[in-house]
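Please keep the sequence and the three-dimensional view at hand while reading.

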Amino acid sequence: MDYIAHLTLNTGIFIILAVSLNLINGICGQFSLGHAGFWAVGAYTGAAYSVYMALPVPDFINLFISCIVGFISAAFAGVIIGVPCLRLRGDYLAIATLGFSEIIRIVIVNLDVVGGARGFTNIPNWSNLFWVYSWVVITIIIIANIINSTHGRAIISIREDEIAAESMGIHTFKYKTLAFVIGAGFAGLAGSLFAHAQQFLHPNGFTFLWSVIILLMVILGGLGSITGSIIGAIILTVLPELLRFFGETISQWRMVVYSLLLIILMLARPGGIFGKHELDIKSWFRRSKL
Amino acid sequence: MNSSFIKIIKNILIYLGIISLTVSNAYSNKSKPTIDVGAVFAMTGPTATFGQESISGIKLALKTINKEGIAGRKIRLILEDNKGEPLESANAVRKLIDMDKVSVVLGAVASSNTLAGAPIAQKAKVPLLTPSSTNPKVTMMGDYISRACFTDDFQGVVMAKFAKETLKKSRAAIIVDNANDYSKGLAKVFRQKFQEFGGTIVSKDDFAYQQKDVDFRSILRRVKRKKPDVIFVPGYYTEVGLILKQAHQMRFNVPFLGGDGWDSPKLQQLAGKEAITGHYLSSHFSPDDSSPKVQNFVKEFKKEYNERPGAMAALGYDATFILANALKNAKNLSREEIKVAINNTKNFSAITGNITINKNRNAVKSAVVLKTTPAGNVFVQKVDP
Amino acid sequence: MLEDTIYFFYDLVQYFINGLAQGSIYALIALGYTMVYGIIRLINFAHGEFYMIGAFLGFYVVIAGHSLWIAFPVAMIGSGIVAVIVERLVYRPIRSAGRIPALITALGTSLFFQYLGQGVIGAEPKAFPSVINDQTFMFGEIMFTSTQIIIVGVTFVLMLFLWWLVGYTKVGKAMRATSYNREAAELMGINTNRIISITFFIGASLAGAAGVLVGLYYSTIEPMMGLIPGLKAFVAAVLGGIGNIPGAVVGGLILGIAENLVMGFWASTYRDAIAFAILIFILLVKPTGILGKNIKEKV
């Protein structure tokens with residue numbers, strides 16, 4: 001069941017992407033449309049490590065190093081982009097981050113070391129379900145802990161009211177940058193895992209439409225809800241594939257169906273599936289006892 | 001969390017369960033009366049025009065093949081859309097191999113899509129035959145990957161030689177589609193070979209545009225300043241048509257050369273009557289070819305789709321016949337034997353020439369040079385490998 | 001050396017003219033973006049698709065043998081009506097839910113029209129028939145075509161019309177009032193829902209006009225054609241200061257001219273990168289765009 005396994009694997013990668021974007025968009029309230037850029041940075045640097053510099057150690061250690069390489073380089077890109085851009089607000093920030101992610105993609109197209117427009121081939125196949133989902137768990141734990149820490153409270157206060165937060169003495173710029181850089185870093189980590197699962201990277205796979213799709217996952221699940229992002233990532237990865245199973249005619253129209261479902265879902269639950277709340281399994285049992 | 005919400009979740013879970021049951025039922029059917037062939041093409045998305053054209057060719061071929069069938073069994077085509085994206089291509093190939101248990105995969109057009117699917121097919125040991133991906137890297141992915149067309153290298157050589165020796169031109173400019181591996185590959189070979197043959201390339205870097213661009217006036221102006229006497233534009237007809245038109249408006253009257261990406265009746269429509277005359281392209285076949293095989297194909301295609309076939313349609317058509325031929329010759333219909341049969345294709349007479357699959361699993365066949373006219377492309381010369 | 005300098009200036013003027021024509025099209029699309037944003041603070045990603053719909057309506061009218069005098073109004077009214085329907089069915093119910101859900105529905109609508117177009121019309125580009133006699137004018141080394149003149153002319157006429165409409169008519173006053181404070185406008189007896197519908201109609205019909213112009217100018221149209229110009233027009237609108245009508249035109253022209261200068265004098269490889277770099281630079285220097293007003297947030 002290679003197909004199902006890989007779909008699960010991709011879902012895991014998109015969970016990391018969605019949860020990390022949620023830290024920026026949902027929890028810190030900074031409207032970023034450039035996640036595909038960080039994803040690409042992580043994917044290409046992680047893959048470049050394992051193609052050109054892999055150490056003679058077992059694969060999973062190399063994968064670990066490559067993930068760290070992806071994390072650090074994407075976080076670094078996050079600093080470069082975040083420090084100037086995070087002075088902007090709302091839609092202006094969105095368009096600036098979108099611009100940067102397109103610039104990243106254009107640079108990759110012109111970078112022959114990583115294949116340029118011909119694509120980056122021969123990346124070793126090191127990702128597997130175990131490591132991807134280990135990273136999913138690590139990502140969720142780290143981000144959930146950030147939210148519940150003092151820093152997290154400061155980050156949330158920026159979303160709720162930036163001016164009020166600032167007047168309460170919170171160094172808003174510092175915390176915005178922190179959230180942005182961590183979010184970017186995890187996107188890079190997901191990129192590295194993605195590179196080693198796909199074994200082939202092409203700049204066309206990181207267009208701004210992917211930033212939009214990751215954003216959709218976050219919003220569909222509910223901005224600010226980590227469980228929401230997870231569910232959003234699962235739905236939007238599985239849905240287009242599921243639509244393949246309804247015969248050729250539907251398959252031709254599956255993107256139309258997909259967009260219609262998206263609109264209907266948004267109309268039915270504008271706050272996303274979970275709103276700002278977390279899915280709480282305990283509350284289900286409590287209710288079923290009643 | 002209110003109870004109505006739980007109800008919704010429960011309902012969703014039940015529906016998902018029903019769907020997965022029906023799906024698994026539909027796909028667990030082991031004894032197949034048909035030979036299942038998967039196809040991965042861009043049916044939607046920015047490059048859908050090439051995918052849709054290829055599929056027209058494939059479906060036309062299947063119509064003929066299925067009249068007789070392969071040893072009494074019909075070929076069933078399972079078409080998957082990849083939106084022109086690498087990730088979706090990989091997903092589609094996996095789905096075809098894993099869920100549909102296809103014997104062979106056909107596809108895709110863009111090399112970036114095929115390269116994403118190839119490692120999967122190779123690992124699963126399912127033969128993958130691409131009709132039109134010309135990037136040399138594609139077939140290096142392994143012995144299960146082969147192609148029904150020539151590679152970028154061959155076309156680049158053909159056009160460089162044609163420009164220097166037949167047209168007797170000495171100063172060439174290259175305009176390349178920067179995000180397109182096909183275009184860049186051809187440009188690289190042309191630059192190298194044209195210089196080897198004694199010509200000059202007017203600029204160190206290629207002039208570049210990007211797929212989906214519509215305004216080329218400023219690039220063309222810059223090219224004109226360099227005073228080339230021939231221009232190589234290895235792009236797709238969607239942009240080349242506009243380049244020709246705008247060059248004509250600018251009274252930039254030198255011959256333009258290109259590759260098989262030009263070969264579509266749409267090129268004539270996009271460029272317009274005045275701008276189309278007197279340019280050259282290399283391609284896989286000429287619709288004017290008097291051989292009954294080609295004429296029959298052109299006639300059938302027109303009857304079915306009310307259009308002249310372009311190169312993508314011809315390649316899709318040929319790939320399907322190469323496959324059918326291999327299925328007939330294979331010892332049995334295991335994937336292993338089909339692969340051997342495809343790779344053993346020798347001197348197979350097809351629309352785009354006599355095809356032999358060589359040891360690198362690339363098709364070896366002749367290319368034709370065509371001249372553009374308002375009524376369609378006309379044959380100029382044939383170049384053997 | 002002198003000759004080089006003269007050529008340089010010739011080229012500069014030529015790239016400027018090309019940029020003016022291309023920028024006018026960005027400007028026409030950006031006008032709709034900016035109007036809709038100004039009135040309901042929604043980045044209407046489906047706006048590029050209204051432009052595509054306009055182009056196809058114009059195409060079918062021309063194919064059916066009618067003149068441009070019919071094609072233009074049909075395209076403008078047609079895409080306007082589509083926009084009003086979309087607004088009524090999709091955007092109005094989601095309006096109260098906040099900006100981000102509205103944004104997502106806009107994205108969904110955009111995808112819907114793109115893929116519907118590919119399914120219904122087919123993905124291959126259609127050649128727009130050349131209905132006007134496209135003459136080329138040469139002034140020494142500088143060259144322009146009658147289509148370029150038409151494009152720039154139509155853009156400026158439409159912009160002036162819009163400027164008059166928003167600034168000097170009753171409807172315009174109602175629009176400004178709705179944009180400034182919707183609730184207060186409602187209390188003053190303005191039917192804000194109708195005003196929003198009118199805004200969508202006008203914005204989309206401008207995009208529809210741009211669609212026909214593009215068909216004439218580049219002679220190719222296809223269902224995905226709205227994607228990139230839509231994005232560029234959004235950039236142009238932000239560049240000029242989103243919500244500001246002259247700003248959209250200024251932004252569109254700057255973007256068009258900058259792109260052509262980059263393509264002409266420097267590597268076209270980095271054209272889009274340069275366009276975005278200019279945008280980011282301007283936003284950093286003046287975060288509300290070139291003509292945008294800085295709105296101080298009240299505490």
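## Model and confidence

The structure described here is a predicted model. In chain A, the mean pLDDT is 88, and 94% of the residues score at least 70. Confidence within chain A is highest in helix 2 (residues 35-53) of chain A, at 95, and lowest in helix 13 (residues 281-289) of chain A, at a mean of 59.

## Contact between chains C and A

Chain C contributes 34 residues that are in contact with 30 residues of chain A. On the side of chain C that touches chain A, the elements giving two or more residues are helix 3 (68-95), helix 4 (99-120), helix 9 (227-240) and helix 11 (271-285) of chain C. Helix 4 of chain C supplies the largest share of that side, with 12 residues.

Helix 4 of chain C has 22 residues. From its first C-alpha to its last, helix 4 of chain C reaches 31 Å, close to the 32 Å expected at 1.5 Å a residue. Because 17 of the 22 residues of helix 4 of chain C are buried, this helix is largely enclosed by the rest of the structure. After helix 4 of chain C comes C:Gly122, with a positive phi near 100°.

## The parallel sheet of chain B

Chain B holds an open sheet of five strands in the order 2-1-3-4-5, with parallel pairing. Strand 2 (74-81) and strand 5 (145-147) of chain B are at the edges; each has a single partner strand, so one side of each is left without a neighbour in the sheet. From one strand to the next, the twist averages 25°.

Eight bridges pair strand 1 (residues 34-41) of chain B with strand 2 of chain B in the parallel sense. In this pairing, B:Asp36 has B:Arg76 in strand 2 of chain B as its bridge partner. Helix 3 (residues 86-98) of chain B packs on the sheet and touches strand 1, strand 2 and strand 3 (104-107) of chain B. The direction of helix 3 of chain B makes about 175° with that of strand 1 of chain B.

## Helix 11 of chain B and its surroundings

Helix 11 (residues 292-305) of chain B has 14 residues and spans 20 Å from its first C-alpha to its last, close to the 20 Å expected at 1.5 Å a residue. Which residues of helix 11 of chain B are buried? They are B:Val294, B:Phe297, B:Val298 and B:Phe301. These residues lie on the same side of helix 11 of chain B, because they cover an arc of only 95° around the axis. On the other side of helix 11 of chain B, the residues B:Pro292, B:Asn296, B:Lys299 and B:Lys303 are exposed. The cover over the buried residues of helix 11 of chain B includes helix 2 (48-68) and helix 12 (311-329) of chain B. B:Asn306, which follows helix 11 of chain B, has a positive phi near 60°.

Helix 2 of chain B contains B:Ile65. With 19 other C-beta atoms within 10 Å, B:Ile65 is partly exposed, because a residue counts as buried only when 20 or more such atoms lie within that distance. Apart from its neighbours within four places in sequence, B:Ile65 is in contact with B:Ile75, B:Thr320 and B:Ala324. B:Ile65 and B:Ala324 are 259 residues apart along the chain, yet their C-alpha atoms are separated by 7.3 Å.

## Antiparallel strands of chain B

A further open sheet in chain B has three strands in the order 12-13-14, and its pairing is antiparallel. Its edge strands, strand 12 (348-350) and strand 14 (363-364) of chain B, each pair on one side only. Strand 13 (residues 353-357) of chain B is joined to strand 14 of chain B by two bridges in the antiparallel sense. B:Thr356 stands opposite B:Val364 of strand 14 of chain B.

Strand 15 (residues 367-373) of chain B has five of its seven residues buried, so it is largely enclosed by the rest of the structure. Strand 11 (residues 280-283) of chain B runs antiparallel to strand 15 of chain B, and four bridges join them. Here B:Ser282 has B:Val369 in strand 15 of chain B as its bridge partner. Strand 15 of chain B also pairs with strand 16 (residues 376-383) of chain B in the antiparallel sense, over seven bridges. The bridge partner of B:Thr372 is B:Asn377 in strand 16 of chain B. Strand 15 and strand 16 of chain B form a hairpin, with two residues between them.

Technical notes:
Residues are numbered from 1 along each chain as its sequence is written. Chains are lettered from A and ligands numbered from 1 in the order in which they are written. This is a predicted model: local features need pLDDT of at least 70, side-chain atom pairs count only at pLDDT 80 or more; totals for chains, interfaces and linings use all residues. The expected span of a helix is 1.5 Å times one less than its number of residues. A residue is buried if 20 or more other C-beta atoms lie within 10 Å of its own, exposed if 12 or fewer, and partly exposed in between; C-beta atoms are placed from the backbone. The arc is that of the directions from the helix axis to the C-beta atoms. Two residues are in contact if their C-beta atoms, placed from the backbone, lie within 7 Å. Two strands pair if DSSP finds at least two bridges between them. Axes are lines fitted to C-alpha atoms, for helices over the stretch in contact, and angles run from 0 to 180 degrees between N-to-C directions. pLDDT is the predictor's confidence in each residue, from 0 to 100.
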